[in-house]
Amino acid sequence: MPKTLLSVENLSIFTKSQKIVNNISFSINEGEIFALVGESGSGKSLTALSIVDLLAKNLKKSGNITYQDADLSHSQNIQNFRGSEIAFIFQDPTNSLNPIMTIGEQVDEALALHTNLAKKQRKSRVLDLFDQVDLDTSMQMYARYPHQVSGGQKQRVMIACALAGGAKLLIADEPTTALDVTTQKQVLELLLELRKNQKLSILLITHDLSVVKLMADRVAVMRQGDIIENRDKAEFFQNPKEQYSKELLVSLPKGTRDQAFGDVLIKGDKVKVYFPIKTGLLQRTTDYVRAVDEINFTLKQGQNLAIVGESGSGKTTLAKAIMRQIDLFDGHVSMGNKAIKKYDRKSYAAKVQIVFQNVTSSFNPRMRISQTLLEGLQALNPAQANAAYLAELLQEVELDPELMHRYPHELSGGQLQRLSIARAISVNPEVIICDEPTSALDATVKVQILDLLLRLQKEKGISYIIITHDISIVDYFADHVIVMKQGKALESGATQGILANPHNDYTKALLSSVLN
Amino acid sequence: MTFIWLWTDFLLWVLFALSMIAVVKIRGNELLSQKWQKIFAQPLALSAFIVFAFYILIGLSDSIHFRLDNNTTTYSVLDRALLPALEAEEKTYSTPLNFEQFSKEYLDNGLRGRVHLNLVSAEITNASDNTKNLLSISANALFYAVSIFVVFILFLAKFTAINTKNNRSAFVTIFALIFFCTWVVLLMPNYHILGTDKAGIDVFYKAVKSIRTGMIFGLLTTLLALPPAIILGLMAGYFKGKTDDVIQYIYTTINAIPGILLIAALVLILQVYMDEHASDYASALERSDLKLLLLCVILALTSWTGLCRLIRAETLKLSELEFVQAAKVFGVSNIKILFNHLMPNVMHLVLISIVLDFSGLVLIEAVLSYVGVGVDATTMSWGNMINAARLELSTDPVVWWPLASSFIFMFILVLSANLFADRVRQVFDPKGDDNA
């Protein structure tokens, strides 16, 4: 029987007016990875923060938290445990590190706080810790500032800081969500290795079930402040009890696309988008940032084109170039027989529309939904700018027409994304560019949005250009894939072919990093 | 009776009308009216606002000027209300609520003594009589105040349900104001409430008249500074590139010139010009009014840059957001994007900076007048009162009441404005914690 390290009993968290976390209990054993799964707003992060007493001032908690034999329910006891026994790593490593201290100094700071080592000993200990988290153990690495290292390396530094105090329990709040897929896998593997070598217990908070599948020993599903299911991982994945857990586990079916397309709609030929780097007193252009470098693509009627790559690969810049929001440096993009430059602003807008990633900022917070939708229509298609047409549109995206009188903050992420699809289809475009349309949404909503897009494609013959870093979407949604890295197309071709038989090393890494 | 509209009168009433329109608009808008309800839900903010509104009321009543048919003097509504204090002429200093002059002189009977004040009833000849009289007037005032307050509550209860628990502090404030008013009304015909100054003019009258000057400084300057700040800030943040460069160049240049120096230079030029063209102005009142207005313009010229900078930064951030991009994709015109999408989203900055700047500007008026480049010497202002107090403080015994009066009046205005501003900032600032 393994020893219990942390136990939480009847934990509740309240604001003045409501209960956010509802009498939850769970326990974590030594050397165990315990995953707390749920969608945003389910209370999982608050639960984690309450363990180390980092809740915001307007929140109150009740219940018992016991670490080994110590009672952590009262804040005065916690200071002795924070950092030394219980460490915390956050979602975004960029914000967790101090930008004006070198990464070595930051790990050193944690050591100075929690150990009695002398300065010289600490330095070698820092490099030792760097070694444990697979960072380069040179003094150059020690002297680097956070902006000089990659996102994955920053998260490793955070883990090193956590280890510096000799923590036995690591609370990891979405530790890989801000990282690219290829780095994500490496960081997770590092955590697994540390668990094995150092008998570390980990409380893993995530919304990503593929991460859970790789990492966890036990899984608890949270929904609206309750733990609705708390079971062994294998059992959970084979046979989830609750309906909600089943919904979470539904994954996207594989390649079901048929291959019949119409004429070529948009064609890009050696598309280049360069941003000048200006230096010197006279601001002369000395070099260029090659954001998009000689990309060729074609999009046929009824076809879905996916542009895949990590952040910074130039995929969004390419989309902006197709939207004509950024000028081409060189190359040619044409629609029909005409270069897209030659269309006037309005007739082009009626043909090509866009759906954005960030649903909450896609709508002006000070305008009602109907005002936002009408404004676009008035600019492009004044004849249809009326409430009856709006109601029709909202029904088309499976929403209650009454919602158009609301303000954006009254709606959920999924509803807003449907509305931004409604806005895009309101002018009957031929092409819709979807920039990471589902990455800000919860897992259950993601499938619904993709299905909505596919249904609209069938009914209206729209073609999509989808920009994503999520390979599972590509498989389900796209007919043709372009893999981009640092502005260049590494590989391009039919989805089936590329996924089954990637040629490029980077593509292979990208595919193998998908955690399934 | 003929009405006389001074420039600042006109602008103040325009401002009042604009704010009334804003109130109607806010009531129609769910989001905004919720926010304002939240502001007034805090007892301190509500009390501060009531005091502030009382000041505004006095300022507005001092902004309706007219001339009686058989008279050459121009009065404001406030002047008529304070007529006893205005018309009672004493020779020189007297302390607050006293019955005789501050200093001794040779009387008609050849002895040295203190002259009895004109305003105070001749029957009061010693200090104990005076105290008795004051106490009886105060008791009367309290009686009237309580009756008026009760009537007010009953009247209010007819229209809305009164929750005394939540609004206790508001009622206390209202009662204090009512008591203050009745006390002033009863004392005014018989006493110089805050004494008299060197020329024998009632200090209370001067301090109350200064409210309008302070208000004009605080409100008109921001009003005049808003259009350039908003328009240039939005343009710089939205169009970027060359437009941004030019606008930034302008405001950094203005910022590089020391403010006081620029104001002093412009005021001196103005002074010379006005002296040379003295015949252009119908009366001294109009002349000093115009000088006040131009001072506000000069101050506005130097003070729009801060807000402009804030709005530029916010617009830079906003214009990258998806809803602006989406509007661009739909071919919505730049003007519409600027005014429909960007401006409403920076208005919280505008509001916060108006309320925060107000108190600062009232204080700047005092500083400028003290330095000698402020309002006309004939305009009653706290700055001028403080300036005069320089000499009074060096006399023995000290003549303290003119300085104390201007200090108290200014202090209450600035404090209430600051308390209210703080709450507005808390509620409208997206980073503010509105749980406080």
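This is a predicted model: local features need pLDDT of at least 70, side-chain atom pairs count only at pLDDT 80 or more; totals for chains, interfaces and linings use all residues.
In the interface between the chains, 20 residues of chain A are in contact with 15 residues of chain B. On the side of chain B that touches chain A, α12 (322–329) and α13 (334–371) each supply at least two residues. The most is given by α12(B), with five residues. By class, this side of chain B comprises nine nonpolar residues, five polar residues and one charged residue.

Within chain B, helix α6 (residues 127–159) and helix α7 (residues 168–187) have axes that come within 8 Å and cross at roughly 135°. Because of this angle, α6(B) is oblique to α7(B). The crossing of α6(B) past α7(B) is right-handed. Residues of α6(B) that meet α7(B) include I137(B), L142(B), Y144(B), I148(B) and F149(B), and among the α7(B) residues they face as a group are F175(B), I178(B), F179(B), W183(B) and L186(B). The contact of α6(B) with α7(B) holds 13 nonpolar and three polar residues, and no charged residues.

Within chain A, the axes of helix α4 (residues 103–114) and helix α7 (residues 151–164) come within 8 Å, crossing at roughly 15°. At this angle, α4(A) is therefore roughly parallel to α7(A). A right-handed crossing takes α4(A) past α7(A). From α4(A), the residues I103(A), Q106(A), V107(A), A110(A), L111(A) and H114(A) meet V157(A), A160(A), C161(A) and A164(A) of α7(A). Eight nonpolar and two polar residues make up the contact of α4(A) with α7(A), with no charged residues.

Definitions and conventions:
Residues are numbered from 1 along each chain as its sequence is written. Chains are lettered from A and ligands numbered from 1 in the order in which they are written. Two residues are in contact if their C-beta atoms, placed from the backbone, lie within 7 Å. Helices (H or I, at least four residues) and strands (E, at least two) are DSSP runs, numbered from the N terminus. Ala, Val, Leu, Ile, Met, Phe, Trp, Tyr, Cys and Pro count as nonpolar, Asp, Glu, Lys and Arg as charged, and the others, Gly among them, as polar. Axes are lines fitted to C-alpha atoms, for helices over the stretch in contact, and angles run from 0 to 180 degrees between N-to-C directions. Angles under 35 degrees count as roughly parallel, over 145 as roughly antiparallel, 65 to 115 as roughly perpendicular and the rest as oblique. A crossing is left-handed if the near helix is turned anticlockwise from the far one by less than a right angle, and right-handed if clockwise.
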